[in-house]
Amino acid sequence: MPLRAPEAIDDTQLVTNGVNDGTILPVCAALAARVNAFLETEAETPLLKAVQEQTRVALGVIGTALEQYSLEEISLSYNGGKDCLVLLILLLASLAKCPKRPLPSALQSVYIISQHAFSEVDHFVDHSVTTYGLDLSRFAMPMKEAFSLYLNERPEVKAILVGTRRTDPHGQDLTHFDKTDHGWPAFMRVHPVIDWHYAEIWAFIRHLEIPYCVLYDRGYTSLGGTTDTHPNPALKAETGDDNDGTAATFRPAYELIEDKAERLGRDW
């Protein structure tokens with residue numbers, strides 16, 4: 001089945017079915033149906049087959065977390081990026097069958113805002129809050145201080161799901177479950193998508209027709225702040241050149257293949 005273009009993606013049904021029964025169950029059920037349908041379909045390409053396997057592993061990790069912690073003890077680190085977007089979808093799909101207790105009216109989550117945040121990222125995060133039913137706490141400060149304040153406000157939180165992948169900074173030696181390092185606020189970091197490849201993240205998003213931040217269509221592949229993030233030079237189109245006065249254009253993020261090229265648009 002061919003992928004629909006990003007502009008054709010319509011999440012109206014998700015918005016309509018969001019939290020209208022007082023809980024996030026409707027949106028969880030809608031996403032679970034999408035994910036289950038994907039897993040039950042014979043993969044048409046090796047990439048999609050790999051994504052199916054990665055999805056099963058990630059759902060297993062999330063399932064283990066839901067067995068070990070109550071819903072009050074779990075939160076999600078969410079900044080609107082592609083990796084935590086995949087994690088959000090998988091977490092909500094998992095909650096559709098969560099047996100412990102009724103689902104909350106909104107999902108506990110925390111957004112650590114970049115010092116120089118893109119307005120497009122903030123807009124997409126706001127969109128996510130409405131679409132998926134997020135109880136989102138926002139902190140515009142360094143990560144360590146932000147998590148410390150968040151846990152002071154919500155001392156019941158014991159585990160935070162994070163969309164870190166193996167190729168991210170400091171991701172090489174992580175496992176699915178890692179306690180925070182010495183000197184950091186104490187909680188369990190859960191990494192369900194740690195072993196996903198860049199191309200697999202995008203194959204999941206596009207195959208399930210999940211809306212994403214518009215910056216990715218402009219050649220951005222890793223989102224930080226406006227002062228340290230640029231369109232990925234590996235995606236620069238053949239036409240257009242800043243040197244001759246013609247604005248350079250970039251292909252969308254999902255056309256990048258190599259993991260190692262993901263951060264070529266970052267200054268660090």
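Colleague: Let's start with Gln52: which helix does Gln52 lie in?

Modeller: Gln52 lies in helix H3, which covers residues 46–68. Keep in mind that this is a predicted model.

Colleague: Let's turn to helix H5. What span should its 14 residues have?

Modeller: Helix H5 runs over residues 119–132, and at 1.5 Å a residue it should span 20 Å. The C-alpha atoms at its ends are 20 Å apart, which agrees.

Colleague: Which residues of H5 are buried?

Modeller: Val121, Phe124, Val125, Ser128, Thr131 and Tyr132 are the buried ones. Looking down the axis of H5, you find them within an arc of 130 degrees, so they line one face of the helix. Turned away from that buried side is a face with the exposed residues Ser119, His123 and Thr130.

Colleague: What follows H5?

Modeller: Gly133 does, and its phi is positive, near 75 degrees.

Colleague: Now the aromatic rings, please. How is a pair of them described?

Modeller: Two quantities are used: the distance of the centres and the angle of the planes. In this structure the count comes to nine aromatic pairs. Take Phe147 and Phe187: their ring centres are 5.2 Å apart and the planes stand at 50 degrees, so this pair is tilted. Phe147 belongs to helix H6 (residues 143–153), while Phe187 is in the loop between strand S5 (177–179) and strand S6 (188–190), so the pair ties together parts 40 residues apart in sequence.

Colleague: What about the pair Trp202 and Tyr212?

Modeller: Here the centres are 4.9 Å apart and the planes are at 85 degrees, so the pair is edge-to-face. Trp202 sits in helix H7 (residues 198–207) and Tyr212 in the segment after H7, 10 residues apart. Trp202 counts as buried at 2% relative accessibility, and Tyr212 does at 9%.

Colleague: Which residues do ring pairs link into a cluster?

Modeller: Trp202, Tyr212, Tyr216 and Tyr254. There is a charge to look at too: the charged end of Arg206 sits over the ring of Tyr254, 3.7 Å from its centre.

Note on methods: Residues numbered from 1 in each chain as written. Predicted model: local features only at pLDDT ≥ 70, side-chain atom pairs only at ≥ 80, totals over all residues. Heavy atoms only, no water. Helix = DSSP H or I, 4+ residues; strand = E, 2+ residues; numbered from the N terminus. Expected span 1.5 Å × (residues − 1). Buried < 20%, exposed > 50% of the residue type's maximum accessible area, 1.4 Å probe, protein only. Arc of directions from axis to C-beta. Phe/Tyr/Trp six-rings, centres within 6.5 Å; stacked < 30°, edge-to-face > 60°. Lys NZ or Arg CZ within 6 Å of the ring centre and 35° of its normal.
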